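I opened this notebook to keep track of what I looked up, one topic per entry. The structure comes first, then the entries.

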Amino acid sequence: MKDYKKAISKYVRIQLYIKPLVKQEGGEADPTVAMMTSLKKSTLSQEETDSCTDLMSTAFLNSAICHHMLGNLEKAKESASKSLSYKKTIKGYYRLGQACKALTDYDGAIAAYKQAIFLDTEDPNDIQTELSRAEGLKRKKDKEADAKLSGFLKNGL
């Protein structure tokens with residue numbers, strides 16, 4: 001068995017080192033760190049900043065799969081979401097979809113898979129299959145909930 005916990009600790013270390021150098025999409029730089037890193041930021045080229053952003057996204061993405069493999073599904077979902085806050089990728093949406101599906105959040109899974117397909121409409125990774133599975137699971141869950149409610153109303157009244 002792979003040592004996912006050890007891998008997660010290494011990804012966290014990467015995140016701690018890189019976070020002061022990059023900004024999440026739609027987010028503000030951390031003000032407590034901004035003062036300490038103002039010199040570092042000014043010495044990085046745009047290419048270096050982009051590389052740091054890619055690395056941060058990848059570290060969260062890899063943490064997501066480790067958490068998923070350990071059964072920490074909420075953490076997997078959180079890590080995939082954080083990865084996407086740095087860079088929108090097919091793999092990020094796929095991992096978010098997988099975590100949502102495992103948590104029986106089929107609406108979240110469907111939305112994530114649709115975003116992945118939107119990024120590459122040719123869908124070389126066959127995410128459409130995962131989307132179809134999630135939609136089928138959602139229909140089944142909805143049907144079961146409707147049957148339960150119907151039975152409750154029928155027997156309860």
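**Entry: helix 3 and helix 5**

I looked up how helix 3, residues 46-70, lies against helix 5 in this predicted model. Their axes are 10 Å apart and the packing angle is about 25 degrees. Angles under 35 degrees count as roughly parallel, so helix 3 and helix 5 are roughly parallel to each other. I noted the crossing of helix 3 past helix 5 as left-handed.

Which residues make this contact? From helix 3 I listed L61, N62, I65 and H68, and from helix 5 K91, G92, R95, Q98, A99 and A102. Sorted by kind, the residues of the contact of helix 3 with helix 5 are 4 nonpolar, 4 polar and 2 charged.

**Entry: helix 5 and helix 6**

I then turned to helix 5 and helix 6. Two packed helices are described by the angle between their axes and the distance between the axes. Here the axes of helix 5 and helix 6 come within 8 Å and cross at roughly 165 degrees. Angles over 145 degrees count as roughly antiparallel, so helix 5 is roughly antiparallel to helix 6. The crossing of helix 5 and helix 6 is left-handed.

I wrote down the residues on each side. Helix 5 contributes I90, Y93, Y94, L96, G97, Q98, C100 and K101 to the contact. Helix 6 contributes Y106, G108, A109, A112, Y113, Q115, A116 and L119. The residues of the contact of helix 5 with helix 6 divide into 11 nonpolar, 4 polar and 1 charged.

**Entry: the nonpolar cores**

How many residues does the largest nonpolar core have? I found 15 residues in it. Those with the most contacts inside this core are L96, A109, Y113, I127, L131 and A134. Helix 4 (73-86), helix 5 (90-102), helix 6 (106-119) and helix 7 (127-156) each supply at least two of its residues. Helix 6 gives the most to this core, with 6 residues. Another core, of 7 residues, lies apart from the largest one, and L21, V22, M56 and Y86 are among its residues. For background I noted that nonpolar side chains tend to be buried together in soluble globular proteins.

I also looked up the neighbours of L96. Not counting residues up to four places away in sequence, L96 touches K77, A80, S81, L84 and A112.

S57 has its place in helix 3, and S83 has its place in helix 4. Are they buried or exposed? The cut-off for buried is under 20% relative accessible area. S57 is at 4%, so S57 is buried. S83 is at 0%, so S83 is buried too.

Leaving aside neighbours within four places in sequence, I found S57 in contact with S83, Y86 and K87.

Most residues other than glycine have a negative phi. I looked for exceptions and noted D123, with a positive phi near 50 degrees. D126 is not a glycine either, and its phi is positive at about 55 degrees.

Where are they? D123 is found in the loop between helix 6 and helix 7. The loop between helix 6 and helix 7 is also the place of D126. D123 is at 14% relative accessibility, and therefore counts as buried. D126 has a relative accessible area of 42%, so D126 is partly exposed.

**Entry: the chain as a whole**

I ended with the totals. What does the secondary structure of the chain come to? I counted 7 helices and 0 strands, so to write them in order from the N terminus gives α-α-α-α-α-α-α. Of the 157 residues in the chain, 32% are buried. Among contacts between residues at least 6 apart in sequence, 59% join residues at least 24 apart.

Notes. Residues are numbered from 1 along each chain as its sequence is written. This is a predicted model: local features need pLDDT of at least 70, side-chain atom pairs count only at pLDDT 80 or more; totals for chains, interfaces and linings use all residues. Side-chain values use heavy atoms; hydrogens and water are left out. A nonpolar core is a set of buried Ala, Val, Leu, Ile, Met, Phe, Trp, Tyr and Cys residues joined through side-chain atoms within 4.5 Å. Buried means under 20% relative accessible area, exposed over 50%, partly exposed in between (1.4 Å probe, protein chains only). Helices (H or I, at least four residues) and strands (E, at least two) are DSSP runs, numbered from the N terminus. Contact means heavy atoms within 4.5 Å. Axes are lines fitted to C-alpha atoms, for helices over the stretch in contact, and angles run from 0 to 180 degrees between N-to-C directions. Angles under 35 degrees count as roughly parallel, over 145 as roughly antiparallel, 65 to 115 as roughly perpendicular and the rest as oblique. A crossing is left-handed if the near helix is turned anticlockwise from the far one by less than a right angle, and right-handed if clockwise. Ala, Val, Leu, Ile, Met, Phe, Trp, Tyr, Cys and Pro count as nonpolar, Asp, Glu, Lys and Arg as charged, and the others, Gly among them, as polar.
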